[in-house]
Amino acid sequence: FVSFDIETRYSQTITMGLTNNPTHAMSIPFTAMGNPRWSPDEEAILWKLLGELLEKHPGLVGQGSWYDAAVLGRWTKISVTKPRIDTMGMWHECYPALPKDLATISSVYTRMPY
């Protein structure tokens, strides 16, 4: 499995988090202090590689992945493959009366502050 999540501001991706390990992850910043973090050539390479992963990986795990897929499709033309698991959707199926935001989910399952 590969978990992914994007953070946006004004529908633009500012950070993408990725992991295939429960204890290690990486974050790719696309902005720094409101400015592009990478040169146009570097960013194009990043999006090409991320597209290859997100369009083909059979074991994607997302958190609100329908939003992430819509943003990535609109702005980067990446067609995210349907995730095997969406943690927000699964949480909502199990606990429909509780909030389904990441802060709530992480407060129940971890001791890490959100």
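## A tour of the aromatic pairs

Start by selecting W47: with a relative accessibility of 13%, this residue counts as buried. Keep in mind along the way that the model is predicted.

Show both side chains and look at how the rings sit. With ring centres within 6.5 Å as the rule for pairing, the count comes to three aromatic pairs. In the pair of F30 and W47, the centres are 4.4 Å apart and the planes make an angle of 10 degrees, so the rings are stacked. Colour by secondary structure next: F30 is in the loop between β3 (24-29) and β4 (31-32), while W47 belongs to helix α1 (residues 40-56), so the pair ties together parts 17 residues apart in sequence.

Next stop: select W91 and Y109. These two make an edge-to-face aromatic pair, with 5.7 Å from centre to centre and 80 degrees between the planes. Here, too, distant parts of the chain are linked, since W91 sits in helix α3 (residues 87-94) and Y109 in helix α4 (residues 102-109), 18 residues apart.

Together, W91, Y95 and Y109 form one aromatic cluster.

For the last stop, select R37 and W38. What sits over the ring of W38? Turn the view until you look down on that ring, and you will find the charged end of R37, 4.2 Å from the ring centre.

How values were computed: Residues numbered from 1 in each chain as written. Predicted model: local features only at pLDDT ≥ 70, side-chain atom pairs only at ≥ 80, totals over all residues. Heavy atoms only, no water. Phe/Tyr/Trp six-rings, centres within 6.5 Å; stacked < 30°, edge-to-face > 60°. Helix = DSSP H or I, 4+ residues; strand = E, 2+ residues; numbered from the N terminus. Buried < 20%, exposed > 50% of the residue type's maximum accessible area, 1.4 Å probe, protein only. Lys NZ or Arg CZ within 6 Å of the ring centre and 35° of its normal.
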